[in-house]
Amino acid sequence: GVAGMAVTDSEALAALHRVFGYETFRGEQEAVVDHVIAGGDAVVLMPTGGGKSLCYQIPALVRPGTGVVVSPLIALMQDQVDALRALGVRAGFMNSTQDFDERRTVEAEFLAGELDLLYLAPERLRLDSSLDLLSRGKISVFAIDEAHCVSQWGHDFRPDYLTLSVLGERWPDVPRIALTATATDATHREITERLGMPDARHFVASFDRPNIQYRIVPKADPRKQLLAFLREEHAGDAGIVYCLSRNSVEKTAEFLSKNGIEAVPYHAGLDAGTRAAHQARFLREEGLVVVATIAFGMGIDKPDVRFVAHLDLPKSVEGYYQETGRAGRDGLPSTAWMAYGLSDVIQQRKLIQSGEGDEAFRRRAGQHLDAMLALCETVRCRRGQLLAYFGQEPSGENCGNCDTCLAPPDTWDGTVAAQKVLSTVVRLQRERGQKFGAVQIVDILLGRRTVKVIQFDHDQLSVFGIGEELSEAQWRGVIRQLLAQGLLAVEGDYGTLVLTESSGSVLRREREVPLRKEPEKPVTSRSGGGA
Ligand code: ADP
Ligand code: ZN
């Protein structure tokens with residue numbers, strides 16, 4: 001009844017205030033917490049940064065016994081536990097990084113009922129000894145974090161997650177809560193089935209951030225473009241500018257400061273004192289711009305960030321969503337603005353190739369990048385594409401608050417242009433045994449007798465000057481889109497261009513290549529009339 005709920009409510013709220021120092025629950029948190037405290041199972045889908053942790057931490061604090069958290073992120077456990085202990089929560093963890101004594105201490109604390117939360121790696125639960133241990137203590141709730149790891153079709157499949165259905169079998173009276181940030185419908189069904197949670201209530205937070213206007217502009221002179229964007233639309237506003245390298249963070253912050261915009265740098269190469277000072281200023285002051293690497297932003301809760309700008313391409317849609325999501329937490333109109341160009345595609349492809357990690361890792365990184373590129377190159381509503389990526393239905397065909405909705409880009413038949421680019425790459429390779437980057441390819445297509453063209457006799461190639469109908473910027477756009485579509489690839493440290501398995505079908509005229517026409521005039525929030 002109402003009275004009962006009020007008691008639960010106040011206990012949960014009290015824990016939220018007392019332990020975490022927060023005023024109110026966010027979004028679905030309260031509904032989830034109430035349901036689990038009352039003993040129900042829950043499947044929770046919430047975007048990263050949405051506040052999943054509190055969904056199980058509060059029930060663990062309110063219900064008698066220890067909350068057992070299954071998490072694959074072993075490297076984070078120590079930090080998570082330290083952070084909780086700093087708040088006065090009695091937390092511990094058990095994983096393979098511990099020695100015997102450390103594990104014995106945690107076991108003793110658990111059995112004595114002295115732990116509010118116990119973090120476990122999933123492989124622990126394969127061991128009879130672990131299950132026996134858990135049987136001898138009192139458990140308040142099981143939380144299964146990163147629950148999509150149970151999906152065999154997903155990127156992050158962990159065989160150990162398949163054994164987690166044992167929790168429901170051995171502890172039918174202990175509520176379970178499965179949490180994830182990435183779930184298509186299929187993954188969601190798999191979670192319910194494989195974890196054996198048919199009666200779980202599903203809590204699905206929307207990934208839509210309607211007050212954020214998404215815009216991706218062709219990169220020409222990114223710092224100047226950024227400056228114009230800030231002056232025209234966000235003068236005096238607080239915001240974050242993301243750059244890939246420390247060097248470009250420094251240079252961009254300097255450039256903005258010189259041009260009358262208060263900006264400070266933030267990256268891991270600065271000493272801790274400077275970083276803390278810049279972060280504190282950002283939180284305290286009204287209109288400061290922080291220029292940062294992705295090291296900045298985790299756990300930063302500033303409601304009135306009016307824009308997030310990217311001068312370099314994020315590595316994944318997840319990253320893009322998380323970073324842009326730091327704008328407009330107060331619900332007021334905000335902008336996610338990005339400058340994107342050919343150099344981004346080449347740089348990111350090179351990073352993946354020369355980076356560490358095995359073949360499977362590189363393939364996955366490549367898939368993440370492909371999804372990000374598809375978002376950049378789309379002619380459809382960006383919000384719709386973003387929501388679809390996270391398995392959610394957009395509310396309509398057009399959101400009316402992204403650049404492609406405000407000024408729909410035209411497409412053009414780029415088949416012939418694509419053939420010209422690919423033929424040039426083929427000629428260089430077959431006839432000369434040479435590989436070159438985009439600059440040389442474009443110079444050849446435009447028939448420019450540059451020093452390097454003369455040096456390599458490239459004015460003697462039959463393809464020399466066959467592309468005078470397009471401008472340099474247009475050719476770079478063609479090459480960028482061919483790279484994004486996998487019709488061309490980057491090789492080696494110098495970003496030389498090579499064919500892919502799919503290139504042949506274009507050269508043999510077996511397929512058409514529709515390309516996106518770059519907008520002549522960039523969209524500003526004024527040109528749309530809306531938000
Ligand atoms: P997730 O696990 O979903 O990625 P977290 O649980 O780490 O998200 O929460 C993200 C951030 O939001 C954290 O800094 C957290 O402290 C903060 N947060 C979560 N819930 C609330 C709330 N109700 N009020 C204020 N801040 C919150
Ligand atoms: Zn849209």
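**View 1. Strand order in the six-stranded sheet.** On average, neighbouring strands are turned by 15 degrees against each other, direction ignored.

**View 2. The pairing of β12 with β13.** Strand β12 covers residues 307–310, and strand β13 covers residues 334–340. The two run parallel and are joined by four bridges. Opposite A309 stands W337 in β13.

**View 3. The seven-stranded sheet.** This open sheet is ordered β3-β4-β2-β5-β6-β1-β7, with parallel pairing. Its edge strands are β3 (91–94) and β7 (201–204), and each pairs on one side only. Neighbouring strands are turned by 20 degrees against each other on average, direction ignored.

**View 4. Strand β1, strand β7 and helix α3.** Four bridges link β1 (residues 42–45) to β7, and the two strands run parallel. L45 has V204 in β7 as its bridge partner. Helix α3, residues 53–62, packs on the sheet. It touches β1, β2 (66–70), β4 (117–120), β5 (139–144) and β6 (176–180). The direction of α3 makes about 170 degrees with that of β5.

**View 5. Packing of helices α13 and α20.** Helix α13 (residues 342–354) meets helix α20 (residues 472–484) at an angle of about 35 degrees. Their axes are 8 Å apart. The crossing is left-handed. From α13, the contact uses L342, V345 and R349. From α20, it uses R476, I479, R480, L483 and A484. By class, this contact has five nonpolar, three charged and no polar residues.

**View 6. Confidence along the protein chain.** The chain averages a pLDDT of 90, and 95% of the residues score at least 70. Residues 1–7 stay under 50. That stretch has zero contacts beyond four places in sequence. Residues 527–531 are also below 50, but have 10 contacts beyond near neighbours in sequence. Where pLDDT is low, predicted coordinates should not be read in detail. For the complex, the predictor gives an ipTM of 0.98 and a pTM of 0.77.

Methods: Residues are numbered from 1 along each chain as its sequence is written. Chains are lettered from A and ligands numbered from 1 in the order in which they are written. This is a predicted model: local features need pLDDT of at least 70, side-chain atom pairs count only at pLDDT 80 or more; totals for chains, interfaces and linings use all residues. Axes are lines fitted to C-alpha atoms, for helices over the stretch in contact, and angles run from 0 to 180 degrees between N-to-C directions. A crossing is left-handed if the near helix is turned anticlockwise from the far one by less than a right angle, and right-handed if clockwise. Two residues are in contact if their C-beta atoms, placed from the backbone, lie within 7 Å. Ala, Val, Leu, Ile, Met, Phe, Trp, Tyr, Cys and Pro count as nonpolar, Asp, Glu, Lys and Arg as charged, and the others, Gly among them, as polar. pLDDT is the predictor's confidence in each residue, from 0 to 100. Two strands pair if DSSP finds at least two bridges between them.
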